[in-house]
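Let's take a quick tour of one protein model. Keep the picture open while you read.

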Amino acid sequence: MFEFAWWWMWFTLPLPILIYLLPAKAQVQSAALRVPHLPQALQKVSKPPTSRRGFLLVAALAWIALVGASARPQWLGEPVSIPAEGRDLMIAVDLSGSMKIDDMQVNGRQVDRLQMIKSVLHDFIQRRVGDRLGLIFFADTAYLQAPLTYDRETVSQLLNESLIGLVGEQTAIGDAIGLAIKRFQSKKESNKVLILLTDGQNTAGNISPQQANELAINNGVTLYTIGVGADQMMVQSIFGSRQVNPSQELDENMLTQLAESTGGRYFRARDAESLKEIYNKLDELEPIARESRQMRPLQALYYYPLAFSLVITFLLALKPLMLSWVSNIKRTDKKGAK
């Protein structure tokens, strides 16, 4: 449907006529120098009536086009439905020093825990069509890397740019939960879900996990915790190779209590495949039903009449210069002929 957003701008169309009809200012008679014979080049040349009418017609077209552009013509397309179901889902990723342990494998290559999380979490983020996603990093403290947004590409890119030790070496799990709750508070009608990935226990922060847990319960935030790390790993020493448990510092009891008290679950990711299965289970979260929304695509059309008006105005301004240039050429040719 074609329409003018500022239709009232058309009321300015007769403005040049009104200015023309205003009483002319009285001219002050000044002394005149009478010269018997003016050179022919300085004599006033009156424009023929036909040329003047043509100038006024073109100028009127330029003015109409300018007023038309000011009225903001636009085309409204047919209504398009927007997906109305989804979740508000915040992802908190541990960047503490222990995430450097390379006890994970991705495509047959030994990688650290953060690299494995990045590789699997990327697909999880891309599947979240209709969800609002946010990203939190935590170590000595927690900070918001991406607020809740539908822009999955940006969230995925910010995750890929994360570095271990960016905010310290320790693990502030309570701060990460507290920050997520704070960001959820502005969302009144929302299915508030926090997915927290860590490989250790709370060793830093201003809020204890227990305090954060109470806040999560009171604010209706469902917490899903994922403990990352292998159970066994071979290490080399001067006494030869030996098997160790690289996840012995993982506080599974605390993570389980945090999740179950909010109606969530605790998952254990010992490798990339188990983490993929966890994300598949998280895909089964019940989505919330938001109010159905529709939008109409809008295409602005003002630049067409605006360009037309500018081109005509430019040509009118250029006309005296062109006439003067042509006249000079003719005079030069006449002098040359004499």
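Predicted model: local features only at pLDDT ≥ 70, side-chain atom pairs only at ≥ 80, totals over all residues.

Residues are numbered from 1 along each chain as its sequence is written, and side-chain values use heavy atoms, leaving out hydrogens and water.

**The sheet**
- Six strands make an open, mixed sheet, in the order 9-8-5-10-11-14; strands are DSSP runs (E, at least two residues), numbered from the N terminus, and two of them pair if DSSP finds at least two bridges between them.
- At the edges sit strand 9 (142-149) and strand 14 (266-269), each pairing on one side only.
- Strand 5 (residues 88-94) runs parallel to strand 10 (residues 192-198), with six bridges.
- Look for Ile91, which stands opposite Ile195 in strand 10.

**Helix 4 on the sheet**
- Helix 4 (residues 152-160) packs on the sheet, touching strand 5, strand 8 (132-138) and strand 9; contact means heavy atoms within 4.5 Å.

**Helix 8**
- Helices are DSSP runs too (H or I, at least four residues).
- In helix 8 (residues 272-282), Ala272, Ser274, Leu275, Ile278, Tyr279 and Leu282 are buried, meaning under 20% relative accessible area (1.4 Å probe, protein chains only).
- At the start of helix 8, a side-chain oxygen of Asp271 comes within 3.3 Å of the backbone nitrogen of Glu273.

Notes
Axes fitted to C-alpha atoms, helices over the stretch in contact; angles between N-to-C directions. Buried < 20%, exposed > 50% of the residue type's maximum accessible area, 1.4 Å probe, protein only. Polar contact = N/O pair within 3.5 Å; in protein donor to acceptor, adjacent residues only side chain to side chain.
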